[in-house]
Amino acid sequence: MNDKNLVVKGQNSWKEMRQFALTNLKQSGMGKRENEERIIEESQYLIDVFELSKAFDTTQPVSYAVSNIICSFVYGNRFDYDDQNFRSAVDQAKKNTQLMGSPSLHQLMKGSFANRKKMTELIKGLQETLNPQMCRGFVDCFLVRKTQLEASGNMNSHYYEDNLLVSVVNLFTAGTDTTSSTLRYGLLLMAKYPEIQDQVQVELASVVGSRQVRVEDRKNLPYTDAVIHEIQRFANVTPVLVHCASRDVTFQGYFIKKGTPVAILLSSALQDEDEWEKAYTFNPGHFLDKEGNFRKRDAFLPFSTGSRSCVGEGLAKMELFLFFTSLLQHFCFTPPPGVTEDELDLTAVVGFALSPSPHELCAISRSDKD
């Protein structure tokens, strides 16, 4: 097979796997009430962990909570935060995404192989207990589709073990680190700007009260919605994406051949000084009109756009909204003792996704504060 055919085969495989993932996620509740309940349930586990902590690093508990949402889709169940296999897999995945932004290729390869081995073992366990009449998650649906195609005589489809493993890795990579890093940035920013945190909590108390926040409340929480959007814009956790040109194209006078790797700088939109009044300042006003209503911005592209936009955009938006509001209902986030708001460092750690520098926060129960 020549290089051109290999490229075409790879593109067709990517399209098929992307469409299968989208279809499966939608059928399993992405963006619907069932998914909302999953996130709300998981937010309670996260709240329980925060209540047991004094000054603490948010990295692990937030990563475990967000990862469990993907686990529920991929494997059909969540894991306890003290499950050692789960902790090891999430911690290693976090380390791998950070190594992607470093020259430590040997460590990255070693970590990637270790994580793939763990995922392979989980997939094998699901395969051994597979019930085609009751799919538990994405892996089951993939295996059932593979079996159906082979039963019909199609032994050369895109549904084979390596593609399943790559699909699972991609779902976890795209669905865990970016969302958890954004949420951690959100909590850090609330501790750094307590006046903004206060305004969010005043709005939540006024509109929602003490009941659980629901997705449908978003339209009545313009300031909170603006803060979450500004967290995504300001944090800019995925500043660069690399794709290949799907066809020959001339762009701004430059000819780009089909298959050429192209770097997309999302930061060029999210930090465009012609689009944002205070591009390098955390300012929820970017998403509010003069009357205090939420306003959309064309340059807000944290999930990219077009056919290569993030598969899990709907899921990520729901997670950020429900986790953030649930935590802000229960806690006030402050710097640890001996650290001022000004001393909280917003510098990012470079990796596949940008994440906050190591730091600790205090989560003060609002019931105690009152």
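A residue counts as buried when its relative accessible area is under 20%. Threonine 238 has a relative accessible area of 12%, so it is buried. The model is predicted.

**Loop between α9 and β2**

- Threonine 238 lies in the loop between α9 and β2.
- Leaving out residues up to four places away in sequence, Threonine 238 touches Thr178 and Leu266.
- Asparagine 236 sits in the loop between α9 (222-235) and β2 (240-244).
- The relative accessible area of asparagine 236 is 5%. That value falls under the 20% limit, so asparagine 236 is buried.
- Asparagine 236 is not a glycine, yet its phi is positive, at about 50°.

**Loop between β3 and β4**

- Glutamine 252 is placed in the loop between β3 (249-251) and β4 (254-256).
- Glutamine 252 also has a positive phi of about 50° without being a glycine.
- Is glutamine 252 buried or exposed? Its relative accessibility is 67%, so it counts as exposed. The cut-off for exposed is over 50%.

**Helix pair α3 and α11**

- Helix α3 spans residues 59-74, and helix α11 spans residues 313-330.
- Their axes come within 11 Å and cross at roughly 140°.
- The two helices are therefore oblique to each other. Roughly antiparallel would need an angle over 145 degrees.
- The crossing of α3 and α11 is right-handed.
- On the α3 side, the contact is made by Ala65, Val66, Ile69, Ile70 and Phe73.
- On the α11 side, Leu315, Glu319 and Phe323 make the contact.
- By class, this contact of α3 with α11 has seven nonpolar residues, one charged residue and no polar ones.

**Nonpolar core**

- The largest nonpolar core has 84 residues.
- Which residues have the most contacts inside this core? They are Phe50, Tyr75, Val139, Val168, Val227, Phe324 and Phe333.
- Helix α7 (residues 161-192) gives the most to this core, with 13 residues.

**Contacts of phenylalanine 324**

- Phenylalanine 324 is among the core residues with the most contacts inside the core.
- With neighbours within four places in sequence set aside, phenylalanine 324 is in contact with Leu183, Gly186, Met190, Val200, Thr224, Val227, Ile228, Ile231 and Glu319.
- One of these partners, Val227, is also listed among the residues with the most contacts inside the core.
- Another partner, Glu319, belongs to the α11 side of the contact with α3.

Methods:
Residues numbered from 1 in each chain as written. Predicted model: local features only at pLDDT ≥ 70, side-chain atom pairs only at ≥ 80, totals over all residues. Heavy atoms only, no water. Axes fitted to C-alpha atoms, helices over the stretch in contact; angles between N-to-C directions. Helix = DSSP H or I, 4+ residues; strand = E, 2+ residues; numbered from the N terminus. Parallel < 35°, antiparallel > 145°, perpendicular 65-115°, else oblique. Left-handed = near helix turned anticlockwise from the far one by under 90°. Contact = heavy atoms within 4.5 Å. Nonpolar A, V, L, I, M, F, W, Y, C, P; charged D, E, K, R; others polar. Core = buried A, V, L, I, M, F, W, Y, C linked by side-chain atoms within 4.5 Å. Buried < 20%, exposed > 50% of the residue type's maximum accessible area, 1.4 Å probe, protein only.
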